[in-house]
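Trainee: I would like to learn how to read a structure carefully, one question after another. Could we go through this one together?

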Amino acid sequence: MKYLFVIVLVILSKNIIGQVTGADTTTNEPLNSAANIISGNISKGVTLGAYAQIDYNQPFSDIARQNGNLDVHRLVTFMGYKFNDRTHFVTEIEIEHVIEVYVEQAFLSYMIDERLNFRAGLILIPMGILNEYHEPPTYNGVERPNLDAKIVPTTWREVGAGFSGKFDDLSLKYQLYILNGFNGYNGSGKFRGTDGFRTGRQKGAESFMSNPNLSTKIDYYGIMGLKLGLAVYYGKSQSSLYHGLDMDDIGAVKKADSSIVGITMLGLDVRYQNKGFEARAQYILTSASNTLQYNAFTGKDLGSKMMGYYFEAGYNVLRFLKDTRNKMTVFARYENYNTHAQVDAGIAKIDAYNRTDITVGLGFKVADGAVFKADYQLFKNADTSVDGINQINLGMGIWF
Amino acid sequence: MLNRFLFVIILLFFSIIFFSFEDNGLGLSKNALKKVEKTFLQLWPERMVSWEKVLITEDARRALSFDIKSDQLFRLKDNESLVGYLYVDGAPGKFDRFDYMVIFSPDLTILNVSVLVYREDYGGEIGSMRWLNQFTGKKDGRGMEFKEDIQGISGATISVLSISSGIKKLSLNIQELRNLGVI
């Protein structure tokens, strides 16, 4: 709290000092003409774009025949509108599985300074790589990593407001938002042992808030080819039991307090690229408090700690072919994610939730933003009585 | 908890209002000009660099293979001696254009590239001086192919491509202007 106040004061004071001493350091005539062209050639305008992925998943099992799944998994259109040099509206409208319509982002942003932008609306939570950067040609594999799906849980977006900015001389960018949190209770418990908070995402669809949550991330881009990210998320889950709650009714208050969990999430991510080689790694750790009471009250099996990581490396094997601009990235990813890394006394730890995915495959990029993908996945888990499944995936991804 | 939350909201709200007062429409441009001056000081610490527009005649314009506005290219001088050229241009990012400059030496080698105004939240990493240093020392559009010679930035693909092709274009353009005797 104190630190936030200090940060804002520092930024404010820098601006005041700038105004007093930097009054007019230039005596050059081009001041006005340069200012003219620098004020932007497009004064207003719409930008349109889209991304999409269509997948074919074919699981294999030793003991039973499996049908394949074919899915127009996502078709997302994005629109940006520039009101003026400082003011933009950005939105992504998504159609999932052909019939589900969602809004993935919708926010108004106002640039005070490149170090300080204010943003309000439906915002992507900055946590890990994929939640913010999920256009299909930008990641390897037909499907998104399960670590992101189950633990992050992507695509995670909520309504709120906050700041972002960059400090080029430090090669740092930051984001800081206050938003509504996961819906943990709305007549019944929402969280699950198998995928943590995933079913609690409100996505801006008549979301309710009983406690504001805080989301922050810092990205560092000062080393060539390397991008480092550190994200922290903090808050309590939301519960409908706080609505109309008589604060003098101790029983009711206790009940409401049992229907929420405290969430602290930490995310570390690294991306590296150099000529034909690319690699990424991600680590997510979630600590949930009050899970003993929550599980007892709701009958759910939410873990008190969830943890996951992955390592991935890839190489463009067409790199030395002179006549082609196509790219064929061969990659491998090792992933481990456990939504029951730690559980409270009230519930049994489920070994099957300690999962390991190995993905090997390739992506054939035929243009910037257009890729055909194929990969083979091995899904394992720590419960030896549950058979692992293997799966072949084929798909296409586009982004423009 | 709610009181603290409200306090933060009010503080942030007033910060925005405070900052908005200084916007006279030229706000972003003033910062850009400060960056230009700062770059001159870095490149030529003991010199007083002045800049004058390069005048391009109608005949010369017709002979050029590209368009150039009358206030994009400047001669940089210290008294009467030429220290270099300043070429300003814009390029598209994900949702808006950004403005950048390339400073060339008298023999048209790139001395510095800087992003002057970046207007959106995406891809701003191209402003990193370390990343832009990849173009320093290069000339005549050579050694500026993205992915071949120029390292990418994760999460900033569009702006990286955009500024790389822009810088290459400016480098070729200024060479063409030299070949035609305009500069």
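**Strands, hairpins and a helix**

Mentor: Strand 9 and strand 10 (residues 226–236) of chain A form a hairpin with five residues between them, and A:Gly225 in the turn has a positive phi of about 85°. Here helices (H or I, at least four residues) and strands (E, at least two) are DSSP runs numbered from the N terminus, and two strands pair if DSSP finds at least two bridges between them. This is a predicted model, in which local features need pLDDT of at least 70, side-chain atom pairs count only at pLDDT 80 or more, and totals for chains, interfaces and linings use all residues. Residues are numbered from 1 along each chain as its sequence is written, and chains are lettered from A and ligands numbered from 1 in the order in which they are written.

Trainee: In strand 10 of chain A, which residue is the bridge partner of A:Lys217?

Mentor: Strand 9 and strand 10 of chain A pair in the antiparallel sense over seven bridges. In strand 10 of chain A, the partner that bridges to A:Lys217 is A:Ala231.

Trainee: Over how many bridges do strand 7 and strand 9 of chain A pair?

Mentor: One bridge between these strands links A:Tyr177 to A:Ser215 in strand 9 of chain A. Strand 7 (residues 172–180) and strand 9 (residues 212–220) of chain A pair in the antiparallel sense, and the number of bridges is nine.

Trainee: Which residues of helix 5 of chain A are buried, and why are they on the same side?

Mentor: A residue is buried if 20 or more other C-beta atoms lie within 10 Å of its own, exposed if 12 or fewer, and partly exposed in between, with C-beta atoms placed from the backbone. In helix 5 (residues 291–298) of chain A, the buried residues are A:Thr291, A:Tyr294 and A:Asn295. They are on the same side of helix 5 of chain A because the arc they cover around the axis, taken from the directions from the helix axis to the C-beta atoms, is only 95°.

Trainee: What covers the buried residues of helix 5 of chain A?

Mentor: Contact between two residues requires that their C-beta atoms, placed from the backbone, lie within 7 Å. The cover for these buried residues includes helix 4 (250–258) and strand 13 (277–289) of chain A.

Trainee: What is the order of the five strands in the open sheet of chain B?

Mentor: The edge strands, each pairing on one side only, are strand 1 (49–53) and strand 5 (110–118) of chain B. The open sheet of chain B has antiparallel pairing, and its strand order is 1-2-3-4-5.

Trainee: In strand 4 of chain B, which residue is the bridge partner of B:Leu86?

Mentor: Strand 3 and strand 4 of chain B pair in the antiparallel sense over eight bridges, and a hairpin joins them through four residues. On its other pairing, B:Leu86 in strand 3 of chain B is the bridge partner of B:Phe74. In strand 4 of chain B, the partner of B:Leu86 is B:Ile103.

Trainee: How many of the twelve residues of strand 3 of chain B are buried?

Mentor: Strand 3 of chain B is largely enclosed by the rest of the structure, because the number of its twelve residues that are buried is nine.

Trainee: Which residue in the turn between strand 2 and strand 3 of chain B has a positive phi?

Mentor: Strand 2 (residues 73–78) and strand 3 of chain B pair in the antiparallel sense over six bridges. Their hairpin has two residues between the strands, and the turn residue with a positive phi of about 55° is B:Asn79.
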